[in-house]
Amino acid sequence: MGRVLGIDYGTKRIGTALSDEAKHSAFPHTILSVTHDADAVRQLKQLIDSEDIDGVVIGLPLDQNGDEGLMAGRVRQFGEQLGQVSHHSIAYQDERMTSRISQQRMQTHTTTRTSRGALDAIAAQEILQTYLERTYGPAEY
């Protein structure tokens, strides 16, 4: 039973999160520094191969009214590239409000490079946790 990879896509940094094998909980994983989408796809493919991943979900940046704008189109294009290389179907999760929730989780509003990177991984965790609960239901302990 594999895990699910959550991705908070960005043009300079990509936050990642991994689920547990039961697919109940999400945990921040890594922050990838990227120069272009092909670089990001290569790094994510390595992560997928090394972590027994059987599902991938990417945060979809919808407008406040729920419409898909230019960035959502770019995320979907990136997801298609990753899906072709990794041979996984890609799911998308509405990521509105994940940055704000991530900042609240960190209990800081600093703008240092390290903090922004940490926010990306926590945002990926929020995206993944929402997806897990929507897809597999809430965890029962």
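Helices (H or I, at least four residues) and strands (E, at least two) are DSSP runs, numbered from the N terminus. Axes are lines fitted to C-alpha atoms, for helices over the stretch in contact, and angles between N-to-C directions run from 0 to 180 degrees. The views show a predicted model, in which local features need pLDDT of at least 70 and side-chain atom pairs count only at pLDDT 80 or more, while totals for chains, interfaces and linings use all residues. Residues are numbered from 1 along each chain as its sequence is written, and side-chain values use heavy atoms, with hydrogens and water left out.

**View A. The crossing of helices H1 and H2.** The axes of H1 (residues 37-50) and H2 (residues 70-86) come within 10 Å and cross at roughly 45 degrees. H1 is therefore oblique to H2 (under 35 degrees counts as roughly parallel, over 145 as roughly antiparallel, 65 to 115 as roughly perpendicular and the rest as oblique).

**View B. Residues at the contact of H1 with H2.** From H1, Asp37, Ala40, Val41, Leu44, Lys45 and Ile48 meet Arg74, Phe78, Gln81, Leu82, Val85 and Ser86 of H2 (contact: heavy atoms within 4.5 Å). These residues divide into seven nonpolar, two polar and three charged. Ala, Val, Leu, Ile, Met, Phe, Trp, Tyr, Cys and Pro count as nonpolar, Asp, Glu, Lys and Arg as charged, and the others, Gly among them, as polar.

**View C. An aromatic pair.** One aromatic pair is found in a search of the whole structure. Tyrosine 9 and phenylalanine 78 form this tilted pair, at 4.7 Å centre to centre and 40 degrees between the planes (rings of Phe, Tyr and Trp, the last by its six-membered ring, pair if their centres lie within 6.5 Å; planes under 30 degrees apart are stacked, over 60 edge-to-face and the rest tilted). The pair links distant parts of the chain, 69 residues apart: tyrosine 9 lies in the loop between strand E1 (3-8) and strand E2 (13-19), and phenylalanine 78 in helix H2. Both tyrosine 9 and phenylalanine 78 are buried (buried: under 20% relative accessible area; exposed: over 50%; partly exposed: in between; 1.4 Å probe, protein chains only).

**View D. Glycine 59 in strand E4.** Glycine 59 belongs to strand E4 (residues 53-60). With a relative accessible area of 1%, glycine 59 is buried. Leaving aside neighbours within four places in sequence, glycine 59 is in contact with Ile7, Val75, Gln93, Glu95 and Ile127.
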